[in-house]
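Please look over the chain shown here. A short report on its fold, its core and its aromatic pairs follows the display.

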Amino acid sequence: MTTIKKFFSGFIIGTINILLGAGGGMLTVPLYKKMGMNQKDAQINAVATILPITFISAVIYILNGSVKISDTYIYLLPGLVGSILGTFVIKKTSNNILTVIFALFMIWAGVRLFLK
């Protein structure tokens, strides 16, 4: 993948992540796999890519008054605990199982959107 394609892919990932509140990781993982990473490394690198994008967006939304921090508490602590647990689980999970879980999650998310 050329540098220009990587740049525009990053731009699209950031835009989709912000417009939809999610989805950047679902785009990032396949792009990392296309670059030759296995599923596990692609998912780990996707998190590292999406984190700063999400952080910057959250700060902008908070400064604009679009987000009340108190509304996030119910998901924040369990999410942090889950992310810590996930870093240990992913190390012990095979690439094949991660690929299946990732694919099933994408299918579930798509079906759920269509049914709402």
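**Overall fold**

This is a predicted model. The chain has five helices and zero strands. From the N terminus on, the order of elements is α-α-α-α-α. Along the principal axes, the C-alpha atoms fill a box of roughly 40 × 35 × 30 Å. Of the 116 residues, 17% count as buried. The chain exposes about 8800 Å², and carbon and sulfur atoms supply 75% of that area. Take the contacts between residues at least 6 apart in sequence: 55% of them join residues at least 24 apart.

**Helix 1**

Helix 1 covers residues 3–20, which is 18 residues. From first C-alpha to last it reaches 26 Å, close to the 26 Å expected at 1.5 Å a residue. Which residues of helix 1 are buried? They are Ser9, Ile13, Gly14 and Asn17. These residues sit on the same side of helix 1, because they cover an arc of only 135° around the axis. The buried residues of helix 1 pack against helix 2 and helix 3.

The face turned away from that buried side carries exposed residues: Ile4, Lys5, Phe7, Phe11 and Leu19. Just after helix 1 comes glycine 21, with a positive phi of about 75°.

In soluble globular proteins, nonpolar side chains tend to be buried together. Here the largest nonpolar core has five residues: Val29, Tyr32, Ala42, Ala46 and Phe102. Helix 2 (24–34) and helix 3 (39–63) each supply at least two residues of this core.

What does tyrosine 32 touch, leaving out residues up to four places away in sequence? Its contacts are Met37, Ala42, Asn45, Ala46 and Thr49. Two of the names in that list, Ala42 and Ala46, are also core residues.

**Aromatic pairs**

A pair of aromatic rings is described by the distance of the centres and the angle of the planes. A search of the whole structure finds two such pairs.

| Pair | Distance of centres | Angle of planes | Class |
|---|---|---|---|
| Phenylalanine 7 and phenylalanine 8 | 5.4 Å | 80° | edge-to-face |
| Phenylalanine 105 and tryptophan 108 | 5.6 Å | 40° | tilted |

Why is the pair of phenylalanine 7 and phenylalanine 8 edge-to-face? Their planes lie at 80°, and an angle over 60 degrees counts as edge-to-face. Phenylalanine 7 is exposed, with a relative accessible area of 57%. Phenylalanine 8 counts as partly exposed, at 48% relative accessibility.

Phenylalanine 105 and tryptophan 108 both belong to helix 5 (residues 95–115). They are three residues apart there, so about one helical turn separates them. Phenylalanine 105 is partly exposed, with a relative accessible area of 42%. Tryptophan 108 is also partly exposed, at 48% relative accessibility.

**A loop residue**

Where is asparagine 64 placed? It lies in the loop between helix 3 and helix 4 (69–92). Is asparagine 64 buried or exposed? It is exposed, because its relative accessible area is 57% and the cut-off for exposed is over 50%. Asparagine 64 and asparagine 95 are 31 residues apart along the chain. Their C-alpha atoms are separated by 41 Å.

Conventions: Residues are numbered from 1 along each chain as its sequence is written. This is a predicted model: local features need pLDDT of at least 70, side-chain atom pairs count only at pLDDT 80 or more; totals for chains, interfaces and linings use all residues. Side-chain values use heavy atoms; hydrogens and water are left out. A nonpolar core is a set of buried Ala, Val, Leu, Ile, Met, Phe, Trp, Tyr and Cys residues joined through side-chain atoms within 4.5 Å. Buried means under 20% relative accessible area, exposed over 50%, partly exposed in between (1.4 Å probe, protein chains only). Helices (H or I, at least four residues) and strands (E, at least two) are DSSP runs, numbered from the N terminus. Contact means heavy atoms within 4.5 Å. The expected span of a helix is 1.5 Å times one less than its number of residues. The arc is that of the directions from the helix axis to the C-beta atoms. Rings of Phe, Tyr and Trp (its six-membered ring) pair if their centres lie within 6.5 Å; planes under 30 degrees apart count as stacked, over 60 as edge-to-face and the rest as tilted. Accessible areas come from the Shrake-Rupley method with a 1.4 Å probe; for residues, only the protein chains shown count as cover.
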